[in-house]
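Visitor: Hi! Could you walk me through this one while I have it open?
Guide: Happy to, let's bring it up.

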Amino acid sequence: MTVAGDEPAQRTPDGRYLIIGGRRWRACDPAIPEKLRAELVAELMRARRAVRTDGDAARPAVQDAKVALGERGEPWWETPTPEGRADRLAAAIRTLLRHRRPSTICPSDAARVVGGEDWRSVMDQAREVAATLAEQDVLEVQQKGERVDPHGAKGPIRLAAGPQL
């Protein structure tokens, strides 16, 4: 990785931080699958550009992308608390929905961001977080393209952007 002035970023020996211009920055979670990491980074860059034109209105999107990547919030190398994992799942869901709009996402995408190879163990919580976001109109839960009650849905679901995203 290089930064402005083609100075290569240095990683700390433990791999948790990057040193750029003498400052230490938290590195993104290496357990995030590359395809999803690329989507999160692309959305982070879009949100950062939007800060220039939209100001403070775009900052929540930057925060969501940074939390989803593991660069903010609870450190990715520590055992997460249920609240910390829920925050990161919500951030990943919102970031992926913004990036893929108008398409839908699967809750497993967010679980893979947060859980890495152990993503299946995160699926129940990902669905719970999606239900909470649906109650806030951030997203809608769908099956076969139709809106469904997230608490009563059995089987595969998809998440679509809601009016409050």
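Visitor: Read along the sequence, what pattern does the chain follow?
Guide: Going along the sequence, you get β-β-β-α-α-α-α-α-β-β-β. That comes to 5 helices and 6 strands. Bear in mind that this is a predicted model.

Visitor: How much of the chain counts as buried?
Guide: Of the 165 residues, 43% do. The accessible surface comes to about 9,400 Å², and carbon and sulfur atoms account for 49% of that.

Visitor: And what share of the contacts join residues at least 24 apart?
Guide: It's 50%, counted among contacts between residues at least 6 apart in sequence.

Visitor: Let's switch to helix packing. At what angle do α1 and α3 cross?
Guide: Roughly 75 degrees, with the axes of α1 (residues 34–54) and α3 (residues 82–100) coming within 9 Å. Angles from 65 to 115 degrees count as roughly perpendicular, and α1 and α3 are therefore roughly perpendicular to each other.

Visitor: Which residues meet there?
Guide: From α1 you have K35, L36, E39, L40, A42, E43 and R46, and they meet T95, L96, R98, H99 and R100 of α3. Sorted by class, this contact has 6 charged, 4 nonpolar and 2 polar residues.

Visitor: Now D64. Where is it found, and is it buried or exposed?
Guide: D64 is found in helix α2. Its relative accessibility is 8%, so D64 counts as buried; the cut-off for that is under 20%.

Visitor: What is D64 in contact with, leaving aside its neighbours within four places in sequence?
Guide: Those partners are A91, R94, T95 and R98.

Visitor: What about α4, how many of its residues are buried?
Guide: Helix α4 (residues 107–115) is mostly covered, with 8 of its 9 residues buried. Among them are P107, D109, V113 and V114.

Visitor: What covers them?
Guide: The cover includes helices α1, α2, α3 and α5 (123–135), along with strand β6 (158–161).

Visitor: Last one: which residue follows α4, and what is its phi?
Guide: That's G116, with a positive phi near 60 degrees.

Methods. Residues are numbered from 1 along each chain as its sequence is written. This is a predicted model: local features need pLDDT of at least 70, side-chain atom pairs count only at pLDDT 80 or more; totals for chains, interfaces and linings use all residues. Side-chain values use heavy atoms; hydrogens and water are left out. Axes are lines fitted to C-alpha atoms, for helices over the stretch in contact, and angles run from 0 to 180 degrees between N-to-C directions. Helices (H or I, at least four residues) and strands (E, at least two) are DSSP runs, numbered from the N terminus. Angles under 35 degrees count as roughly parallel, over 145 as roughly antiparallel, 65 to 115 as roughly perpendicular and the rest as oblique. Contact means heavy atoms within 4.5 Å. Ala, Val, Leu, Ile, Met, Phe, Trp, Tyr, Cys and Pro count as nonpolar, Asp, Glu, Lys and Arg as charged, and the others, Gly among them, as polar. Buried means under 20% relative accessible area, exposed over 50%, partly exposed in between (1.4 Å probe, protein chains only). Accessible areas come from the Shrake-Rupley method with a 1.4 Å probe; for residues, only the protein chains shown count as cover.
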